[in-house]
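Dear colleague,

I am handing over the structure below, followed by an account of what was found in it. Please read the two side by side.

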Amino acid sequence: MDQDTRYEAVRSRDGRFDGEFFFAVETTGIYCRPSCPAVTPKRHNVRFFPTAAAAQGSGFRACRRCRPDAVPGSAEWNVRADAVGRAMRLIGDGIVDREGVAGLAARLGYSARQVQRQLTAELGAGPVALARAQRAHTARVLLQTTELPITEIAFASGFASVRQFNDTIRDVYASTPSELRAAAVPKGGRGARRAGTPSAGIPLRLAYRGPYQSGAVFELLEREAVPGVEVVTGLPGRRTYRRTLRLPHGTGIVAVDERTGAFRAQGGAHPGGWLDARLHLTDPRDLTTAVHRLRRLFDLDADPYAVDERLGVDARLGPMVAAWPGLRSPGAADPEELAVRELVGPAEAERLVVRYGKALDSPCGSLTHLFPEPAVLAEAEPDGPLGALAAALADGAVRLDPGAERDAAQDALLGLPGLDARTVAVIRTRALGDPDVAPPGVEVPDSWRPWRSYAWQHLRAAGELE
């Protein structure tokens, strides 16, 4: 998009581009999402930025009306397999907060200086600034949804000091942390903050753009659910998906509600909406990572407009797209877990949970265990395909983290016993979040690129593939 096209999107308050770019107004010092309902600024006062971090780095603060930090992420980072795309997926997972820029660079196979240069050149912000913007968003969520002490929120959000936390909140939101918390909801009003800690549950709205076929996603999760680790309750249209998560600093239990129908993005002219979620975390530092993994699982950062436009003109897929606009390609909450489950099947996966899964300190209903780690499986059952896959995952011979090179991971998986082309294709689609995986054994036209994973979902929904 050129700048004139971007301005037209702003002028029409086009929610399709929320998260794809941001605009800032020089006369007010505020940056917004394209669908912001405020009066459209004059063209000569507007600047465009590829990321919220770039806008913040240029001295602009977040709009209090449209909350630009709460938009879906750009679908570009799932499509791109280069260093910048891999870096953005890793930053979203919280790698910079946990391992620093050096850790990010090591996972990408570049020097820290190279990573800084590439991200700054394309996105207008380096890894530290991008992580800082993400920390600010996490802090706002905790301030406005929990009664955690402000000092605890500072460190839970990933800040190194309270002073750094205070300075960032003032820079990004033009408020102190106390003012930001007080402005969240009327005292005692609807949506008031829960007392206590995030262990009582952090309520969130997981935003998405465009139409969203939630029923298809929840049906898949219900069909695949492994007892002890996952459960889907309720009737179609009103289901809740719950599961346990192993996270960098602790464990979590997450719940996501199905939501049907078309919803309007705030101030936008195009459908959009959110899934209601609640996260119970033993350590609030895991909030960013948990949210990122849920977004990947439910494919919430997809661009359904681009997908449906490309696939909808195909003679074979057109009727399917018309019947199922916004059909998503679900990912995985735990990529290594998904790889093991695809190899062994549901019955064996349940056995592995019962025998080797780690029991939760505080079970929640039928959720009692974490799925066993690869290192545990490699030691307990070292023989056969399961042992080979678990060992490869445990020692890093196969990497399925958000920054993994997809081609390298596929080659490594195909070199292991027991993994056929179809199983590896499913792992690449879901564990690695690749939007462009062709259905194995099916001749498909190049015109389906770069959305062949979505074409696969349409063919499955239509009953043409398993």
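The lining of the largest cavity divides into three nonpolar, one polar and four charged residues, where Ala, Val, Leu, Ile, Met, Phe, Trp, Tyr, Cys and Pro count as nonpolar, Asp, Glu, Lys and Arg as charged, and the others, Gly among them, as polar. The residues in question are Arg243, Thr244, Leu245, Arg246, Asp334, Glu337, Leu370 and Phe371, and strand 7 (residues 240-246) contributes the most, with four residues. The space in this largest cavity is about 40 Å³.

This is a predicted model, in which local features need pLDDT of at least 70 and side-chain atom pairs count only at pLDDT 80 or more, while totals for chains, interfaces and linings use all residues. Residues are numbered from 1 along each chain as its sequence is written, and side-chain values use heavy atoms, with hydrogens and water left out.

On terms: a 1 Å grid is laid over the protein atoms alone, a cavity being a set of points where a 1.4 Å probe fits but cannot get out, and a pocket an open set with protein on both sides within 12 Å along at least five of seven lines; lining residues have an atom within 4 Å of a point. Volume is the space filled by probe spheres set on the points, which are joined across faces, edges and corners. Helices (H or I, at least four residues) and strands (E, at least two) are DSSP runs numbered from the N terminus.

Searching the whole structure gives two cavities of 30 Å³ or more. The second largest cavity holds about 30 Å³ of space, and its lining consists of Ala83, Val84, Ala87, Leu108, Val115, Gln118 and Leu119, that is, six nonpolar, one polar and no charged residues.

The second largest pocket has a volume of about 690 Å³. Of the 31 residues that line this pocket, Arg293, Asp334, Pro335, Glu336 and Asp401 lie nearest its centre, and the lining as a whole comprises 16 nonpolar, two polar and 13 charged residues. Among the elements that give two or more residues to that lining are helix 15 and helix 18.

Helix 15 (residues 335-344) and helix 18 (residues 384-395) also pack together, at an angle of about 165° and with their axes 10 Å apart, axes being lines fitted to C-alpha atoms, for helices over the stretch in contact, and angles running from 0 to 180 degrees between N-to-C directions. Helix 15 is therefore roughly antiparallel to helix 18, since angles under 35 degrees count as roughly parallel, over 145 as roughly antiparallel, 65 to 115 as roughly perpendicular and the rest as oblique.

With best wishes
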